[in-house]
Amino acid sequence: MELLKKYYSWIITVITFIVYLFTLAPSVVQIDSGELAAVQSTLGIAHPTGYPLFTMLGYLFVQLPLPFSNIFMSNLLSAIFCSAGIFIFTKSLHLILTNSFVAITTETEKLVKGKSKKKHGREKLTELVPLTDLVIYSGIFAGSLILAFSKTFWFQSTSVEVYSLHILLINLIIYFVLKAFVNENEGIKKWLIVAAVLALGFSNHMTTLLVIPGLAYIYFMKESFSKDAVIRIGYMLLLFFPLLIIIYSYLPIRAAMAPALNWGNPVDYEHFMRHFMGKQYQVWLFSSFDAAGKQFNYFVTNYASEFSYAGLLLILPGIFYSFKLNKHIARFLLVTFLFTVLYSINYDINDIDSYFLLAYIVSGVWATFGIAFILTRLKNIKREFILAGLAVVILLNAGINFTKSDQSDVYIYEDYTKAVMNSVEDDAIIIGYQWDYWLSASYYYQNVEGVKPNITVIDKELLRRSWYYDQLKNASPNLFDGVENNVYAFLDALVPFERGGKYNSQKLETNYQAIMTGLVQNQIATRPIYLGPELVQNEFRNRQFVLPQGYKIVPHQLMFKVVPDTNTYFEAGIPEFSIRYPEEDNFYTGSIKRIVKEALLQRAIYEKYNNKPEKSELYINKYKTDFPDAPISAKVKQILNLK
């Protein structure tokens, strides 16, 4: 037991890290993975709010002389951050449990003075005693591993994401807040440490604010509402703001150097504040009661699955038992949980799970309290059976969530990105907005691994942002030749929009469409131009994007090529790309499969219409080889004369 008491944090952390290594992604994954890995490798600027601490720490880590790719190093750092978060979590649990007390009722004889001076009856005495070592360390082991292998927490460890560092920092904040609460010494020093780690938290992710209400409760319970307490807050702010400003000064300093990835170009006060405040995403925050209701319903229905349902057997009694053991810490946890949920449900985005991370961390503490309840109350059951039951819960939780979190075989985004880029000429222009599937990943492969560096990849949606034009012109100086007037008119009309004032939406849209059409018209003579299938299926068919007169599109492997509107046949080459599809599909991998299948069939039809049956057969065979279980519609079979 003494060895366990001494090294419990390291044992739990090592177990967690080893398991995380088995589920670590070897390459880029969906959504922001490629962009974030690219900014870490190149010291760029990521999407709002910029994440300067995450970027700088990542840059230092990928410089280590280890025999791995930069993307693997960035993914590995996420596993390290999350494991370190569990290490700090165990320390928080130790603080909580060693400062919690259970009520023990005993009977003692009561002496009554009288003539006989004899013992007269018994009285019951209730005293508060510390939890036993068995309860404390069993709770820490089980509670920490239940959190470590919960679905969303575990998933953050598998690939490069800002939430992995957020997990570490938010656990540090909670630890030092609790330490300040239980510690009677050190005076202002303990709260200055809290202020410092808060600044680190905000320099990584703004959802650090979710811990503030609980922190305020703990602070005033400890210091009371007094003049000295207010003065101490002033000292904390004097440390908090300079530290936050120093870290965030990375953004304007680096932006002035015009890095290849310079999202928002926060080089001056206006652009910095717009980036720092995440202004472009505020449209989804507190958008409607319906959106909040939808997200709340998602949280409630998803909550139990985070801990494989079995965890609820510990969390639910733990909530109530926490008030028996330490009412102030119990209130801190409850306030933090409720504020996290009530704030986060007002953000109307699809990938909302990570915004609930703080609520899941609190749930891990509640699970620990639930374990304490079981071990202190079920006295008639042998402790060995209880501990065996806890082991089953942990293993069940880990086993179920392993398949949900495992990304060790995910190469689909790398392969799809390279397939797209290698299917076009070295100097091509690609216009699309498949950010989640390959556009984000292209940032990494172009700027870090040097895959097709001369291709110009244009995110059609980012063309609505003023800063993006500077980034594109830095990479391709002549890109907007011939459409300068439309660009200037668009950027001029965009100013009031980006500043939150009144703007002319018709002028914006007219010039925006003219830029895209003019870009094709002025570049097509010297550079091949391709459109993403999503753009063709939506904006192109709805005439929100119009080609210059005399041009059309033809399917070209995974993209559509802009070509002269003639009866000429346009070669696309042999579909030799190879994409490794994971065994388990999700929304993103399923979407890529659908896109690839449609692209192969569209090109097969094009070859058939142009009397190229051998080429058509190549694409059909590629379809059947890559998707042996995917049926072909009767209409397509009829067109291709397939049985």
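Biologist: How many salt bridges does the count come to?

Modeller: Side chains of opposite charge can pair when their charged atoms come close. The rule here asks for a side-chain nitrogen of Lys or Arg within 4 Å of a carboxyl oxygen of Asp or Glu, and the count comes to 19 salt bridges. Keep in mind that this is a predicted model, where local features need pLDDT of at least 70 and side-chain atom pairs count only at pLDDT 80 or more, while totals for chains, interfaces and linings use all residues. Residues are numbered from 1 along each chain as its sequence is written, and side-chain values use heavy atoms, with hydrogens and water left out.

Biologist: Which parts does the pair K460 and E539 tie together?

Modeller: The side chains of K460 and E539 meet in a salt bridge, 2.7 Å from N to O. K460 sits in the loop between strand 4 and helix 20 and E539 in helix 23, so the pair ties together parts that are 79 residues apart in sequence. (Helices, H or I of at least four residues, and strands, E of at least two, are DSSP runs numbered from the N terminus.) The pair also belongs to a salt-bridge network that links K460, E461, R464, E509 and E539.

Biologist: Is K460 buried or exposed?

Modeller: Buried means under 20% relative accessible area, exposed over 50%, and partly exposed in between, using a 1.4 Å probe and protein chains only. K460 is buried at 3%, and E539 is buried at 9%.

Biologist: Where do E414 and K418 lie?

Modeller: Both are in helix 18 (residues 412-422), 4 residues apart, about one turn of the helix. E414 counts as buried at 14% relative accessibility, whereas K418 is partly exposed at 23%.

Biologist: What lines the second largest cavity?

Modeller: S92, I96, I174, L178, L333, I361, V362 and V365 do, around about 40 Å³ of space. Helix 16 gives the most to that lining, with 3 residues.

Biologist: And which residues are closest to the centre of the second largest pocket?

Modeller: That pocket holds about 360 Å³ of space. Of the 18 residues that line the pocket, A260, Q446, N447, I455 and A475 are the closest to its centre. Helix 19, strand 4 (456-459) and helix 20 (466-475) each give two or more residues to the lining, and the largest share, 5 residues, comes from helix 20.

Biologist: Why is helix 19 largely enclosed by the rest of the structure?

Modeller: Because 11 of its 13 residues (435-447) are buried. Among them are W435, W438 and Q446.

Key. On a 1 Å grid over the protein atoms alone, a cavity is a set of points where a 1.4 Å probe fits but cannot get out, and a pocket is an open set with protein on both sides within 12 Å along at least five of seven lines; lining residues have an atom within 4 Å of a point. Grid points are joined across faces, edges and corners, and a volume is the space filled by probe spheres set on the points.
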